[in-house]
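Please keep the sequence and the three-dimensional view at hand while reading.

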Amino acid sequence: MIASSLVLEKPPEGASQIAAKFVVPPLKAAREIGAYLGISEEAVWSVQMLGARAYRHFPLTKKTGDIRIISAPRTHLKVIQWWILDSILPAATVSDCAYGFVKGRSFIDNAEAHLGAKHILNVDVANFFPSIVPDLVFNIFSGLGYSNVVCSELVKLTTLDNGLPQGAPTSPAIANAIFYPADEKIQKICSGKGIKYTRYADDLTFSSQHRMPDEFLVEVEQIIFSIGLSLNDRKTRYMGPNQKKEVTGLVLGRDGVAMERSALNAARGWFHSIAVSPSAFGNEIERVRGTISLIKSIGGRGSAKVLVQGRAALKALEAAH
């Protein structure tokens, strides 16, 4: 949320309030966002003109070894993007199939939706955020009732290098809105085939009690292609009745979802090292708390013993600092 010191006590005349049905604020130009934030219109306009200079760029190595470039907005643009996220994007329609970056849902819920399935198919959208072009973003804002001028300016404030920047708070919500037509089409064909479908960001999961026909994946790929995106064939995985089943990084078991054993073992070893030499991990206290919270929220087989070690590590850190 935007700090209260940046928000006007009274929004500009004619501004709509959030009601039972979300109504977007009226804007004749994107620079009018400044009136809601208590900054000048010129400040918003200047941020809009900065382009790549409004971001900090740094590489992030993925588990696969590939490099992902994170473009994090600098302070002024980030505040504007948070306002767009809070004040405009909730009006965009998001499918019930979407679990990523949706309030009240998590990657745990996404995995739990497929418990008990005998067959699972997991596919991944290639270059998800960078492949969402400005024209698609323009259509989202246009669909919310904004003029072409405002839509063009909002696109400048939320896109970078002809795609959605990975690191901007607005990118996940915009991506969910753009994916809505595809989600609904995919859900329609799934419902006719007895298949369960969920999507967590760029990760699409399908499950059923029977083997999914080969042509099913072709249908899904055609729908994805219709909105200008494509699948990453390297990440397509089938999991059958006698195979371990994983969804969004979690293992599906008879008694619920659980973390991968390798992840639990890594956490156990890390907690042990901290408990033995807490002074060497002085800057890790928040990370330890976060890891404990994550393991606790997931639960599942093997988590109880690791949590005991985690609490011991946290106690040692607190005592040492």
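Arg289 counts as partly exposed, at 34% relative accessibility; in this scale buried means under 20% relative accessible area, exposed over 50%, and partly exposed in between, computed with a 1.4 Å probe and protein chains only. Its salt-bridge partner is Glu286, and the closest N and O atoms of the two are 2.6 Å apart. Glu286 counts as exposed, at 53% relative accessibility. Both residues lie in helix α10 (residues 285-298), three residues apart, which is about one turn of the helix. Helices (H or I, at least four residues) and strands (E, at least two) are DSSP runs, numbered from the N terminus.

The model is predicted: local features need pLDDT of at least 70 and side-chain atom pairs count only at pLDDT 80 or more, while totals for chains, interfaces and linings use all residues. Residues are numbered from 1 along each chain as its sequence is written, and side-chain values use heavy atoms, with hydrogens and water left out.

**Salt bridges**

A salt bridge is a side-chain nitrogen of Lys or Arg within 4 Å of a carboxyl oxygen of Asp or Glu. The structure holds 11 salt bridges.

| Pair | N to O distance |
|---|---|
| Lys193 and Glu219 | 3.6 Å |
| Lys244 and Glu260 | 3.2 Å |
| Glu286 and Arg289 | 2.6 Å |

Consider the pair Lys193 and Glu219, joined by a salt bridge. This pair links distant parts of the chain: Lys193 is in the loop between α7 (171-191) and β4 (196-200), Glu219 is in helix α8 (residues 214-226), and the two are 26 residues apart. Lys193 is partly exposed, with a relative accessible area of 28%, and Glu219 is also partly exposed, at 26%.

Now take Lys244 and Glu260, whose side chains meet in a salt bridge. Lys244 is partly exposed, at 48% relative accessible area, whereas Glu260 is buried, at 18%. Together with Glu246, these two residues are linked in a network of salt bridges.

**A sheet of three strands**

Strands of a sheet pair through backbone hydrogen bonds, either parallel or antiparallel. Here two strands are taken to pair if DSSP finds at least two bridges between them. In which order do the strands of the open sheet lie? The order is β7-β8-β9, with antiparallel pairing. The edge strands are β7 and β9, each of which pairs on one side only. Neighbouring strands of this sheet are turned by 40° against each other on average, direction ignored. Three bridges join β7 to strand β8 (residues 250-253). Val247 stands opposite Leu250 in β8.

**Two helix contacts**

Two packed helices are described by the angle between their axes and the distance between the axes. The axes are lines fitted to C-alpha atoms, for helices over the stretch in contact, and angles run from 0 to 180 degrees between N-to-C directions. Contact means heavy atoms within 4.5 Å.

Helices α9 and α10 pack at an angle of about 145°, with their axes 12 Å apart. The contact is made by Leu264, Ala267, Trp270, Phe271 and Ile274 of α9 and by Arg287, Val288, Thr291, Ile292 and Ile295 of α10. By class, these residues are eight nonpolar, one polar and one charged. Ala, Val, Leu, Ile, Met, Phe, Trp, Tyr, Cys and Pro count as nonpolar, Asp, Glu, Lys and Arg as charged, and the others, Gly among them, as polar.

The axes of helix α2 (residues 41-50) and helix α6 (residues 148-158) come within 8 Å and cross at roughly 65°. Val47, Gln48 and Met49 of α2 meet Glu153, Lys156 and Leu157 of α6 in this contact. These residues divide into three nonpolar, one polar and two charged.

**A buried and an exposed residue**

Not counting residues up to four places away in sequence, Thr170 touches Gln81, Ile84, Leu85, Leu89 and Thr158. Lys21, in the segment before α1 (33-37), counts as exposed, at 70% relative accessibility. The C-alpha atoms of Lys21 and Pro90 are separated by 9.9 Å, although the two residues are 69 residues apart along the chain.
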